[in-house]
Each structure stands twice: as structure tokens, then as C-alpha cells.
Amino acid sequence: MDDLDLDHESVYDGLLGGDSSQWAFGTDFEDPLAGVDTMIPAGVDGAALAAYCLMLGDDALIYAHRLSEWTSNAPDLEDDIALANIALDLLGQARLLLARAAAADASVVPQMPEGSPVPPEDALAFFRDEHAFRNMGYVEALNGDFAVTIVRLLLFSSHRLALLQRLATSVDPVLSAIAAKGVKEVTYHRDYAGRWFVTLAGGTEESRRRLVAGLRTVWPTYAELSRSTQVETLASEQRFGVDPAVLTEEVDAVVDHVLAMAALERPDLPPSGTGPMGRIGRHTEEMGHLLAEMQVVARAHPLGKW
Amino acid sequence: MTTLAAGRTRAREIAGTVVDPEMPMLTLVDLGVLRDVTESEVGVSVTITPTYSGCPAMATMRDDLVHALSDAGYAEVEVKVSLSPAWSSDWITAEGRRKLRAHGLSAPGPSPTGPVQLSLAPVRRAIDCPRCGSADVRLTSEFGPTACKALYQCNDCLEPFEHVKEI
């Protein structure tokens, strides 16, 4: 490989005469924040900003991967496409948020071998070990059946929409822009999940039975969405982030409305877990399997170009 | 100054010929993603804005802009991404809407304003079939082949068609 012609770094370049524009994605990476002013605003701690962006970025990344597992497996083609689109939106948010984390504090990015073309947000996604991820355990859980997926998506998108709406006024202009864009996307996600929730509840005996079972499966983990860490408290104090604890009432109101439309009560089940474990790098058993699949190709080729 | 102004117009015209990779009937101007074209002594700087956070077409748009402007003789071509304000389907021009319809796609209505509402009822849009003009159409999926589209079918002529979503 040492004598590889530098003009033909990718085997495909030779076929194209080096014109990467003929490829749908180009053959090179690009910086998703290219041309965006990533200076850290006055009064904001760069390390805290990076830690906060990792939390929101990892939630989006891990959930995007989990949802993408529905691709080719959903009950019908339309829902296959819908779940893939939702996953893609979240992946896009993850990419921007991880790039923001790397720009705010370069020390969070894993060291790559010299000459590696892997950009910082990809290094964060594919070359961190499990304990370095800051996502909630909530997004790691197995998809279960379609009803479980819909319940989990409804609670998640209701929470994330409330969060992004507040984050749109962040003192960090990058985070504010990412959030404002995300609000438009997650509105569609919440509507999708809400409609299916009501449809399954009012459908057949079997669909209602499955939805109720799904609700009982997911409900104990709902509380995790509003558990905050020191990072989020600091983010809220420095006005670049949102403390999820303040969202509880607003999100509850949405969830209660959907439950009422579905003629269902809140399950009488205690919250599972005690603290925001995922946020401090303690993950569930499912996380390791998810990462193994998500990271294996990138890790096998740390110098690879795609 | 006259030369520079003329140059800026030329660079803008060239950038304005670049088309969206997923909807090639639309130029980046029609789609409303081309935000600024500025020429300097050394080259040209173009600003575009993403339609959706995960839109994979962004990299292609950037490559195509670099390609078109380089071919036109600009030595340094810089493509910047502007995240704010977030793209709105309202930015699709009248010409863009005409082209969408001419190519069998339904153009978006006004984008939602005000507080975000949860909508549990089936989506109702006052749109008509781009093929036969019938207003009797049905939504088959709120998500389509690309992030920006929903899928519809006409109940009269049975034509399945794509609707560019309001965002």
C-alpha cells in the first residue's frame, strides 16, 4: 500500500479521473461545521460545553443506530421509510453536536493514528469505548416489537422536542442553530409516534394489547429522560444548555394528552434505576453489542477513506 | 469596483446553475439553499444552508459548486455552511414551485408558524395531484424517499406522487 499513487488514494478515484463530484457522497469527508464560527461565547466553559454536546449528540447517535435496525424489518414499507428517515434526522443532529463537542474541547476526541483521515465527529462516534459515551440508557434498549418502539419514540421525541425548543435560545450560537433546525425535524417524529400510539390503541384487540404491553415495558425508563447531571446544571447556569428536570411538566402534559386520546392511564409502575447512569458512562448490557456493530468497520480501517 | 461587481454577478450566475442532486429540476437558487456568493481577489466564497440536519445531499451540493466554479476559472472556491436561520420550505421560489409541479411533484404549502402543536389527527393538506389536478388525494406516508418529502396518491387518476414537506 506504500507505493499507492497519491493521486488515486481511493480505488474509485482512478475510475473517475479524480472527479469526486460524481459520487453521491463524494469520496472525502467534510467538516459539518465548515464556515460556522465555533468560538466559545464569553462566560461559557469550553469543557462543560463539550461534555454537554456529547450527551445530546450521543443520545441522537445511539438512538439513530437503534432505530435504523428497523430498516427492512418494519411492518410495512411506509414505516420502514419513516423510521429510517427519523434515524437519519437524528444522525444528522448527532454529527453536528459531536462536531460542536470536538470544536469546543479537542481533548474529548480520541487520538487517531498519524495520517488518519477520520474527522473529529467520526472519531467520537467510532473510536470511543463504551465508558466514554454519555447517552442515556433509555436509547440503548432493544427495539422490541413495533408497539414498544412507538412508545419509546413518543416519550423520547416529546422530551427532545421540549429540550430543543429551549435550547434554541442557547447563548452558544452553534448549539442554538442546531436546536432550531432540530425542532422542525423532531416535530414530525413526535407526530408520527403520537399518531401510531393512538392508532394502535384504537385498532384491533391485538394491537391494543401490544401497545399496553409496550407502555408497561418502556414506562419505568421514562423518568431517566428528566434526570439531570452536574454538567446539565452547569449548562443551564451558564445559559448554553437546558436542565432536563425543568422539562418534566411540559413533557408530562403532552404524554398525558396522548394517553387520554388513546383511552389509557399512566401505568402504575415505579421508575427503574436511580441515577443518570448512562450520562456518567455506565451503560446497559445492550450498549456493548450495539457499539460492536456500529464501530466494527471503522475500527478495522482507522486509516480508511470512504 | 465595476469589475468586482460584474464578477460577483457572474459567480452568482454560475453558482445558480448548480442543481439539487435529489431534485435535479431545481437549482440551488430555486430550492432556497444558496444564501450568498461573494467574490474576492483570490476567488469566490459561497454560503449554503442545509435543508435537514442529516441531508446527505449537502456534500454533493458542495462538490458540485466547487466543480462548477473551478471550471469557470475561479482559483479558490470556498463553500461555507450556514446553520442559522434554519432552512424553511417557504424559501423555495415561485419558479422552483412551478418546476416541481412540472416534474410531477407537489410543492409545499406555507411552513408552520407559532408554537409547535402535537397533531394526532391524520395530516390534512390542501394539495392537488400534479398530474390531473384533482384535489382528491390521500397521504400514503408522511416520510418519503428523501428527508424532505411525503408520499401521496391521487384517488382520481391513481398517480402516486411526492409532496415536498412544509418545514
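Me: Where in chain A does pLDDT stay under 50?
Reply: In this predicted model, pLDDT (the predictor's confidence in each residue, from 0 to 100) stays under 50 over residues 1-29 of chain A.

Me: How many contacts beyond four places in sequence does the model have for residues 1-29?
Reply: The model has 35 for that stretch of chain A, a contact being heavy atoms within 4.5 Å. Where pLDDT is low, the predicted coordinates should not be read in detail.

Me: And what is the mean pLDDT of chain A?
Reply: The mean is 89, and 89% of the residues of chain A reach 70 or more. Local features need pLDDT of at least 70, side-chain atom pairs count only at 80 or more, and totals for chains, interfaces and linings use all residues. Residues are numbered from 1 along each chain as written, chains are lettered from A and ligands numbered from 1 in the order written, and side-chain values use heavy atoms, without hydrogens or water.

Me: Switching to helices (DSSP runs of H or I, at least four residues): how do H2 and H10 of chain A cross?
Reply: The axes of H2(A), residues 46-68, and H10(A), residues 285-300, come within 11 Å and cross at roughly 80 degrees. The two helices are therefore roughly perpendicular (65 to 115 degrees) to each other.

Me: Which residues of H2(A) and H10(A) make the contact?
Reply: From H2(A), Leu61(A), Ile62(A), His65(A) and Arg66(A) take part. H10(A) brings Glu286(A), Met287(A), Leu290(A), Leu291(A), Glu293(A) and Met294(A).

Me: How do the residues of that contact between H2(A) and H10(A) divide?
Reply: The contact of H2(A) with H10(A) has 6 nonpolar, 1 polar and 3 charged residues. Ala, Val, Leu, Ile, Met, Phe, Trp, Tyr, Cys and Pro count as nonpolar, Asp, Glu, Lys and Arg as charged, and the others as polar.

How values were computed. Axes are lines fitted to C-alpha atoms, for helices over the stretch in contact, and angles run from 0 to 180 degrees between N-to-C directions. Angles under 35 degrees count as roughly parallel, over 145 as roughly antiparallel, 65 to 115 as roughly perpendicular and the rest as oblique.
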